[in-house]
2 protein chains.
Amino acid sequence: MVNIKKDQSAEEKIIAAARKVFLSKGLAGARMQDIADEAGINKALLHYYFRSKDKLFEMIFMEAAQKLFPKINFIFESNMPLFDKIEHFADEYISVMVENPYLPSFVLNEINREPVAFFKKLNEKFGFPDPALFLKQIEREIKKGTIKRINPLQLLMNMLSMCIFPFMAKPMFQLRMGLGETQFRDFMEQRKKEVPKFIIDSIRR
Amino acid sequence: MVNIKKDQSAEEKIIAAARKVFLSKGLAGARMQDIADEAGINKALLHYYFRSKDKLFEMIFMEAAQKLFPKINFIFESNMPLFDKIEHFADEYISVMVENPYLPSFVLNEINREPVAFFKKLNEKFGFPDPALFLKQIEREIKKGTIKRINPLQLLMNMLSMCIFPFMAKPMFQLRMGLGETQFRDFMEQRKKEVPKFIIDSIRR
DNA sequence: ACCTTTGTTAACCATTTGGTTAAATTGCAT
DNA sequence: ATGCAATTTAACCAAATGGTTAACAAAGGT
């Protein structure tokens, strides 16, 4: 728990601290003083390196979004077979979130507070994920008869839900089920295989 | 959009306003002045009827939790056949959330900020949902051979995820897919049947 | 050594925000 | 009408909070 802070530059310390505070408390709940304390530096330095709370927040938010969205894009747009895509998606996506459990709550929440503004910003920065190809691919498989009839959007939503939701409910789930960190990790590791299997079992003809 | 406020008591106006503001901005982001404005009354009245922001928040939070948790309990503890339970759960739960789309984000988020405190409070107020029976029932069906082998907790998580997550991603999903309110509603109405079908197709032997 | 640039801090400042107060208004029982 | 309790408001207040400033320390080039 003690400082790794010694050999980090002030700027790095600030970013690490801001990440921690913003991710757990959100924009509205975060305090500049908390971030300064967490970084072990003077509050004025926050403004020296990043002009304002909003600017600092934006950099953390973009960093977080970067971890989530480009990966979706890549898988959506690749030319793997459908079942492979599903397997890859679950595996890679859950992996990211296991390492950053707060990520989905944080990003979705802040988007919910100011949807249009964030949507625009995310779109210009890096193309907001476009599932069009993935949906087409599902339709094609349905026509080929390899999978059952289903609204492609429903299938997409099912996949996203089962991968992402567990992290958004993590604290409640752990308390209710009495799971520690490692047990939750194990549960999510199992899920990397379980979710694709569950989906494919459901839609395969 | 105009006032129904005329024939409501001040207390009712406050509660309605607080509900709206807290649900969309969260505890940290909500301002007492915003709530007063929304209710069209003086800020001091908020403190006259409810002592503090925290007290007011707690009443709104509990009201929200009440809409979500007892219903889960009831279905978990009923003695319906497994497939019926899944169908009922999806149908009833999605219905509640269609009428209150912010509910899941709000409740889960605030729990995430202060997990242990909320967990205790929810437990004393009304028993926090206990899926033990539901999980047992799944095991029994597996042993009977009516459904495939699966970790019951994974199945539970799948069901919860597919019902709840769409509402947490609602704004983003709508923007990305260009869906209006009615279209989203239709999508969720379709989901009431689709989710149980998806699950049962997956686990049925 | 000296100076200039960069980094860092303590002390401040202005605004926001939750909360209080005392006066005014309303409702209503007598 | 009169008096009394409940309700409502404008004006305040103190603490918290984002942000600034001016002085000070470090680093590095000459």
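In helix 11 (residues 181-203) of chain B, B:Glu189 and B:Lys192 are three residues apart and so are separated by about one helical turn. An α-helix has 3.6 residues a turn, so residues three or four places apart point the same way. In this predicted model, B:Glu189 forms a salt bridge with B:Lys192, with the closest N and O atoms 3.1 Å apart. B:Lys192 counts as buried because its relative accessibility is 12%, under the 20% limit. B:Glu189 is partly exposed, with a relative accessible area of 36%. Salt bridges that share partners also join A:Lys148, B:Lys197 and B:Asp201 into one network.

Chain A carries a salt bridge between A:Lys192 and A:Glu189, the closest N and O atoms again lying 3.1 Å apart. Both residues belong to helix 11 (residues 181-203) of chain A, where three positions, or about one turn, separate them. A:Lys192 is buried at 12% relative accessibility. A:Glu189 is partly exposed, at 36%. Helix 11 of chain A also holds A:Asp201 and A:Lys197, four residues apart and about one turn of the helix from each other. Their side chains meet in a salt bridge at 2.7 Å, N to O. A:Lys197 is partly exposed, with a relative accessible area of 37%. Over all chains, the salt bridges number 22.

Charge was also examined for chain A as a whole. The chain has 33 positive and 26 negative side chains. The centres of the two sets lie 3 Å apart. The accessible surface of chain A comes to about 9,900 Å². Carbon and sulfur atoms supply 53% of that surface.

The fold of chain A consists of eleven helices and zero strands. The C-alpha atoms fill a box of roughly 65 × 40 × 30 Å along the principal axes. Of the 205 residues of chain A, 52% count as buried. Among contacts in chain A with a separation of 6 or more, 68% come from residues 24 or more positions apart.

Helix 10 (residues 170-177) of chain A contributes several buried residues. These are A:Lys170, A:Pro171, A:Met172, A:Phe173 and A:Gln174. Within chain A, the buried residues of helix 10 pack against helix 9 (152-168) and helix 11. They also pack against elements of chain B: helix 4 (53-77), helix 6 (103-113), helix 7 (115-125) and helix 9 (152-168). Just after helix 10 of chain A, A:Gly178 takes a positive phi of about 65 degrees.

The relation between the chains was then considered. Two copies of a chain are related by a rotation about an axis and a shift along it.

How values were computed. Residues are numbered from 1 along each chain as its sequence is written. Chains are lettered from A and ligands numbered from 1 in the order in which they are written. This is a predicted model: local features need pLDDT of at least 70, side-chain atom pairs count only at pLDDT 80 or more; totals for chains, interfaces and linings use all residues. Side-chain values use heavy atoms; hydrogens and water are left out. Helices (H or I, at least four residues) and strands (E, at least two) are DSSP runs, numbered from the N terminus. Buried means under 20% relative accessible area, exposed over 50%, partly exposed in between (1.4 Å probe, protein chains only). Contact means heavy atoms within 4.5 Å. Accessible areas come from the Shrake-Rupley method with a 1.4 Å probe; for residues, only the protein chains shown count as cover. Lys and Arg count as positive and Asp and Glu as negative; His and the chain ends are not counted. The place of a charge is taken as NZ of Lys, CZ of Arg, CG of Asp or CD of Glu. A salt bridge is a side-chain nitrogen of Lys or Arg within 4 Å of a carboxyl oxygen of Asp or Glu.
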